[in-house]
Amino acid sequence: MKTVEQHIADILSVVQPVYPIELDLLRAYGGVLAEPITADVALPPFDNSAMDGYAVRMADVAAAGPGSPVKLPVVADIGAGDGGVYAIRDGMAARIMTGAPLPAGAEAVVPVEWTDGGIAEVLIRRAPRPGNAVRRAGDDVRPGTVVLRRGTRVGSAELGLLASVGRKAVKVHPRPRVVVLSTGTELVEPGRPIGPGQIWESNSFALTAAAMEAGCAGSRHGFISDDPGGVLGTIEDLLAHADVLITTGGVSMGAHDVVKDVLSRLGTVSFERVAMQPGMPQGWGTVGEAGTPIFTLPGNPVSAYVSFQLFVRPALARLQGLAPEPLPSVRARLTAPVSSPEGRRSYLRSILEYGPDGYVVAPVTRQGSHQFSALAETNALIVVPEPATSIGADQTVEVMKLPNR
Ligand SMILES: Nc1nc2c(c(=O)[nH]1)N[C@H]1C(S)=C(S)[C@@H](COP(=O)(O)OP(=O)(O)OC[C@H]3O[C@@H](n4cnc5c(N)ncnc54)[C@H](O)[C@@H]3O)O[C@H]1N2
Ligand code: MOO
């Protein structure tokens, strides 16, 4: 059997980033920058007021106090967006609004609350410190600064920053379109009644959401029954809409393991056994003219989910131009003994907590590949190395943190 590392390495040796494209800002949301972003101008571009008030010179207002107000003539009224050229000299004040350019000669802004709010003249009742309520040009960003690095995901803050440095569009690796298709004659759409031998389809929901959690545009195709013609035709149709295809089910030793049969005939997908539990039967390869990566994950719901996190997630990172990092892991103290089949690496569903003595991890009791309720209770996977068949309580183990949990 193949090791987990070998399987990841094989996948990553083929998967390439989605070709970067230039997208208008809101369309770029969720993509990953394929270029560094440099500010051409300073931010703010000019000295300006942080408050509504009066631009003043320090010598005039230093002595202002509640009992000794200072009266100054108001020589200008400067609003945000005012492109005029203004200056004040000793003995003058200018009325100024938040964001308005500071007049030449001004040394501070007195907030309107410290004054009588006068239009022609103003009475100032409190002395500002030098530079009060003044925002200097370039105090946010200096011209020539790289404000966003290549490989940054474009989220809400990044979009705001891109707009504020004047960008209309950016080059990004767009969110890969991940289409999830389940197979199985026993499957029924949730909401519909189930008959004997049937179950509600769940893998495609979990994996579509997991793809979204990994930064992709996930879409659920749903499920089809184990009919070779249908599976082949559906996969071919989906290729037009997918950067990555994920199927679940039909890859082990069963008489109706249709995904395996159909894709083996295409010859680009290999089906292997990886020395792990859950998730031993794995298939992956490329299909169609564009060489679209396809992952054929095992049908057992926990196996499909764990396989996604171990194998598909790093590939999706690579597709987005990101480092194909494994899930983050920590060392934690086990609260209860665990067991594992010899020669296979187990990923045991568990609850990881950080307490006064560091990380502690509690395995859940239901570790079956079909026991999705146990998975939903947990936030981590205990990694039991291949040679180990058991690990005692209080031992320290490696624990992978599951995303978004
Ligand atoms: N003789 C052997 N039998 C099995 C082996 C083996 O090595 N020898 N491997 C077992 C392991 S491990 C796994 S994992 C499964 C993988 O089987 P398949 O990928 O072929 O999946 P199916 O047989 O189609 O389904 C397995 C299981 O999961 C349920 N399922 C499938 N799809 C869904 C779905 N979309 N939503 C909810 N549940 C789903 C399905 O009903 C089965 O119970 O094979 C073992 N067998
Ligand atoms: O290896 Mo299977 O993936 O246990 O359930």
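This is a predicted model: local features need pLDDT of at least 70, side-chain atom pairs count only at pLDDT 80 or more; totals for chains, interfaces and linings use all residues.
The ligand makes a handy starting point. Around ligand 1 sit 28 residues, and the closest of them are S182, N203, G249, S252 and G299. Some of the shell comes from helices: helix 5, spanning 203-213, and helix 8, spanning 301-319, each put in at least two residues.

Helix 8 turns up again in the largest nonpolar core. That core counts 67 residues, and those touching the most other members are V178, L245, I246, L316, L381 and V399. With twelve residues, helix 8 is the element that gives the most to this core. The core also draws on two domains, taking at least three residues from domain 1 (4-18 + 176-319) and at least three from domain 4 (329-401).

Next come the sheets. In general, the strands of a sheet pair through backbone hydrogen bonds, and they can do so in a parallel or an antiparallel way. One open sheet here is built from six strands in the order 16-13-17-21-20-18, and its pairing is mixed. At its edges are strand 16 (217-224) and strand 18 (269-273), each of which pairs on one side only. On average, neighbouring strands in this sheet are turned by 15° against each other when direction is ignored. One contact to look up in the model is S270, whose bridge partner in strand 20 is W284.

Another open sheet has five strands, ordered 8-5-7-6-9, again with mixed pairing. Strand 8 (108-111) and strand 9 (121-124) each have a single partner strand, so they stand at the edges and one side of each is left without a neighbour in the sheet. From one strand to the next, the twist averages 40°. What holds strand 8 to strand 5, and in which sense do they run? Four bridges join strand 8 to strand 5 (residues 53-56), and the two run antiparallel. Among the residues involved is V56, which has A108 of strand 8 as its bridge partner.

Conventions:
Residues are numbered from 1 along each chain as its sequence is written. Chains are lettered from A and ligands numbered from 1 in the order in which they are written. A residue is near a molecule or strand if its C-beta atom, placed from the backbone, lies within 6 Å of it. Two strands pair if DSSP finds at least two bridges between them. Axes are lines fitted to C-alpha atoms, for helices over the stretch in contact, and angles run from 0 to 180 degrees between N-to-C directions. A nonpolar core is a set of buried Ala, Val, Leu, Ile, Met, Phe, Trp, Tyr and Cys residues joined through C-beta atoms within 7 Å. A residue is buried if 20 or more other C-beta atoms lie within 10 Å of its own, exposed if 12 or fewer, and partly exposed in between; C-beta atoms are placed from the backbone. Domain bounds come from an automatic or database domain assignment.
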